[in-house]
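I opened this model to look up its pockets, its cavities, its core and its sulfur pairs. My entries follow in the order in which I made them.

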Amino acid sequence: MKMRLLLLLVISALLPLRTAHAYLVEGDGSDSSACVPLNATRDGGPHLDGTYTFDSQSFANLSDNQYLMASGSTIFDYFPNLQFSYVKSCTNLGANQTEIAARMEVYSGSDYITVNTNNIINRPSYISEIGGGTSGDENQDAILINTNIPGLFYFPVDLTAGGFPPVMKHKSEEYKNIRGRLAGFPVINNKFRGIPPDTVVSYSPIQFVYTDADEPSGGHQKGQLIVNFIAPIKAMDFKLAASCQYTFSDNGNVDFGDQRVSQITDDRNTTIKRSLTLNMDKCYGVNKVKTYITTTAPTAESGLLLGNNIADGAKNVAVALRVNKDYNESGQAGDNAGKDMYFDNSNPMEWNFGNAYTVTPLSKHIPLDVWLMRNGGEPTPGDYHATATIMMDFI
């Protein structure tokens, strides 16, 4: 019997895995002479100069861990001579890579906080796309740089590689001819209490570093670019978008009930009177409010009287409206105390708040006198009904 020898040869080897990454290089990486590791430092910083508006209702509803971005506040800052590329192919830097993994993170500085991007409210759609994970961000974190104004932060967004500090990883085919580009956004939390116009906002210096963090430690020199944020933010004008909650007492209904026509006179001292209160509550960012009244009912005496809307109702009956003469605010005579309110959209009234730059909500509760009055001849029996709408404008 023959014996067959079976030789089982097992050959194994442990090969290092090569993480896909990009090369951070000078120039555009189009030739080997330009494809060298970038090691540079650049100075610059955000210059936010203009008027920035925060939505006041969103601010009023902010929880302790939420932040509100200013509307329409994108400011791009271009750093001089800051040109670099993340590329896949560099003949003098090793094997070609399959994709790009660019990273930006804090290099030095401690005067900032780290928040979840989902807690930053009012982000434009393109900011949501950058930080929402669709571009390969490692996490949902972003940093907010503290400023010298309590509750006000500077939110830097890197548009070069598409993400937020402190850590972001963007995977793509390649970037070439990229010029350093950063967008700055003012952000506030519920501790913000406003600042007057022309206030100079500043922050402590902070550095960000651009690297290819997946690049192996061995081999060629690892490239990095350090960006110094050292320039002060310029004078800014911060405002809350004007908002106010308007209500009437009794939902604006004034019921005179059943009355004898003999009790209705053309004298406000003797005719039938009711009271109504106009409430202006939680008014943010309001300098002044202008009010005027519109109606489809007939008016008389140059708009002072509101006539009856019921064609076959009581005749020669109308309503007059006036701010109570004793209206006061904090012991001082209130706006428009004792003045008549017109029903024909004429003679609008202005109410002063002076609250354009502070975030303390203000209120006014304005007592109104409403009279049922004789208009023309003797009043006749019947129903009276009329509606009017008070209009509010911020000025």
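I began with the lining of the largest pocket, which by class has 21 nonpolar, ten polar and three charged residues. The classes I used count Ala, Val, Leu, Ile, Met, Phe, Trp, Tyr, Cys and Pro as nonpolar, Asp, Glu, Lys and Arg as charged, and the others, Gly among them, as polar. The model is predicted: local features need pLDDT of at least 70 and side-chain atom pairs count only at pLDDT 80 or more, while totals for chains, interfaces and linings use all residues. Residues are numbered from 1 along each chain as its sequence is written, and side-chain values use heavy atoms, with hydrogens and water left out.

I noted a volume of about 950 Å³ for the largest pocket. Its lining comes to 34 residues, and Val254, Phe256, Val319, Tyr384 and Ala386 lie nearest the centre. E22, E26 and E27 each supply at least two residues of that lining. For the search, a 1 Å grid was laid over the protein atoms alone; a pocket is an open set of points with protein on both sides within 12 Å along at least five of seven lines, a cavity is a set where a 1.4 Å probe fits but cannot get out, and lining residues have an atom within 4 Å of a point. Points are joined across faces, edges and corners, and a volume is the space filled by probe spheres set on them.

The second largest pocket has a volume of about 160 Å³. I listed Arg268, Asn269, Lys273, Arg322, Asn324, Lys325, Gly338, Asp369 and Trp371 as its lining. That lining divides into one nonpolar, three polar and five charged residues.

Cavities. I found two cavities of 30 Å³ or more.

Core. Which residues have the most contacts inside the largest nonpolar core? I recorded Met280, Val323, Met341, Trp351, Ile366 and Leu368, in a core of 30 residues. Such a core is a set of buried Ala, Val, Leu, Ile, Met, Phe, Trp, Tyr and Cys residues joined through side-chain atoms within 4.5 Å. Buried means under 20% relative accessible area, exposed over 50%, and partly exposed in between (1.4 Å probe, protein chains only).

Neighbours within four places in sequence aside, leucine 368 is in contact (heavy atoms within 4.5 Å) with residues including Phe248, Leu276, Leu278, Leu321, Val323 and Met341.

Sulfur pairs. I counted one disulfide, taking a pair of cysteine sulfur atoms within 2.5 Å as the rule. The disulfide joins cysteine 244 to cysteine 283, S to S 1.7 Å. Cysteine 244 lies in strand E17 (residues 243-248) and cysteine 283 in strand E18, so the pair ties together parts 39 residues apart in sequence. Cysteine 244 counts as buried at 14% relative accessibility, and cysteine 283 counts as buried at 0%.

Whole chain. I logged two helices and 27 strands; these are DSSP runs numbered from the N terminus, helices (H or I) of at least four residues and strands (E) of at least two. Buried residues make up 44% of the 395 residues.
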